[in-house]
2 protein chains.
Amino acid sequence: MTVVLASSSSARRRMLEQAGVAALCDAADIDEAAVKRRDGQAAAATIALDLAELKARAVTARHPGALVIGSDQMLDCEGEWFDKPESMAEARSQLARLRGRTHTLISAVAIVRDDTVLWRHCDSASLTMRPFSDAYREDYLAAAGPDVCRTVGCYRIEGPGLQLFSRVDGDHFVILGMPLLALLGALRDLGELKS
Amino acid sequence: MTVVLASSSSARRRMLEQAGVAALCDAADIDEAAVKRRDGQAAAATIALDLAELKARAVTARHPGALVIGSDQMLDCEGEWFDKPESMAEARSQLARLRGRTHTLISAVAIVRDDTVLWRHCDSASLTMRPFSDAYREDYLAAAGPDVCRTVGCYRIEGPGLQLFSRVDGDHFVILGMPLLALLGALRDLGELKS
């Protein structure tokens, strides 16, 4: 059976590859902001699950019979949702708001085959940014460069972004953007991976 | 100040590098088995801390004034300690013993400067191997090859080894072999990293 990852995220592709799952990548093109506006009153987990499913559904027509994986991640800090920053100025402001506080990363994944949702799953992790100095933030942004705008929360935990944190609780793969361990279990249950 | 990593572990070196800490590597040559035999009645955490300190102490003379980091990891499965397997046959037998059970990875780290231990820290993570089939185990060992003998527990969680597990609880870096987040905090407290 073919596994398709409906995501342009290199972190998700790398995660699957490293775990030994060969997947074809075909990114879905959906208007995430519209979904978030439409479902603005729902819980972040609900929206993440809906977006994961929507991304998978968006490409199933191109891959009949294949298991299509969609995934989404939301960042919630005391009720406020953060998207990827659109500029270094926005990254600077986001870091100022996240600093010294604990935020939640919610990662959702869905498996869809043709018109059928076979499985959905959501998990979260809790991360506390330390009260770093403004000088530290500037050094960090200068070193990270415009790449910070490609990440929710302005960091990659697997890089120097780790130095922003005093505490990290939760599954590493959930933090990277996809609940991989649960996904591997679902792929085994579906007969796609050996048991 | 110079930071020295008294370890030959490429995972630990990579961890530090990715977090943005430049460290010189100078592996300590100590007889770990002798320490484990001598301290056999102690808790695994005590031995891991002692070994981390011992590794750092073993190279301080070559790096006067430098912060030397030593680190050690132990695997405890229901009171039984596992070392790196010495052969594929031993890896096969270790996987059979770990399968379907929960084991603990204990990672310790110490910072020593000249004759002074500046800081020691230990943390643990809990991992449950699923009841995989013998056929799966053989496929896994064939794909992983002799490299499994370089890892405690016969797996790298950041590779196909993840498929061995049904559940993983605990800090990712503790699982990789060093409590990195706590170490970064200690290096900040010691003035080695910016705050």
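User: What do β5(B) and β6(B) form, and how many residues sit between them?
Analyst: They form a hairpin with 2 residues between them. In the turn, Asp114(B) has a positive phi of about 50°. Strands here are DSSP runs of E, at least two residues, and helices are runs of H or I, at least four, numbered from the N terminus. Keep in mind this is a predicted model, where local features need pLDDT of at least 70, side-chain atom pairs count only at pLDDT 80 or more, and totals for chains, interfaces and linings use all residues. Residues are numbered from 1 along each chain as its sequence is written, while chains are lettered from A and ligands numbered from 1 in the order in which they are written.

User: How many bridges join β5(B) to β6(B)?
Analyst: 12, and the two strands run antiparallel. Strands count as paired if DSSP finds at least two bridges between them. Val109(B), for one, stands opposite His121(B) in β6(B).

User: And which residue stands opposite Ile69(B)?
Analyst: Ile111(B), in β5(B). Strand β3(B), residues 67-77, is joined to β5(B) by 9 bridges, again antiparallel.

User: Why is β5(B) called largely enclosed?
Analyst: Because 9 of its 12 residues are buried. Buried means 20 or more other C-beta atoms lie within 10 Å of the residue's own; exposed means 12 or fewer, partly exposed is in between, and the C-beta atoms are placed from the backbone.

User: New topic: helix α4(A). Which residues are buried there?
Analyst: Ala91(A), Gln94(A), Leu95(A) and Leu98(A), in a helix covering residues 88-98. Down the helix axis they fall within an arc of 100°, so they line one face. That arc is taken from the directions from the helix axis to the C-beta atoms.

User: What do they pack against?
Analyst: β3, β4, β5, β6 and α5 of chain A. Contact means that the C-beta atoms of two residues, placed from the backbone, lie within 7 Å. On the face turned away from the buried side, you'll find the exposed residues Ala89(A) and Ala96(A). After the helix comes Gly100(A), with a positive phi near 75°.

User: Is Phe132(A) buried or exposed?
Analyst: Buried, because 20 other C-beta atoms lie within 10 Å. Phe132(A) is in the loop between β6 and α5 of chain A.

User: What does Phe132(A) touch?
Analyst: Leaving aside neighbours within four places in sequence, Phe132(A) is in contact with Arg99(A), Arg137(A), Leu164(A) and Ser195(B). Arg99(A) is 33 residues away in sequence, yet the two C-alpha atoms are 6.9 Å apart.

User: How does chain A lie on chain B?
Analyst: A turn of 180° with a shift of 0.0 Å along the axis does it, with an RMSD of 0.0 Å. The two copies are thus related as by a two-fold rotation axis. The superposition is by least squares on C-alpha atoms of residues with pLDDT of at least 70 in both.
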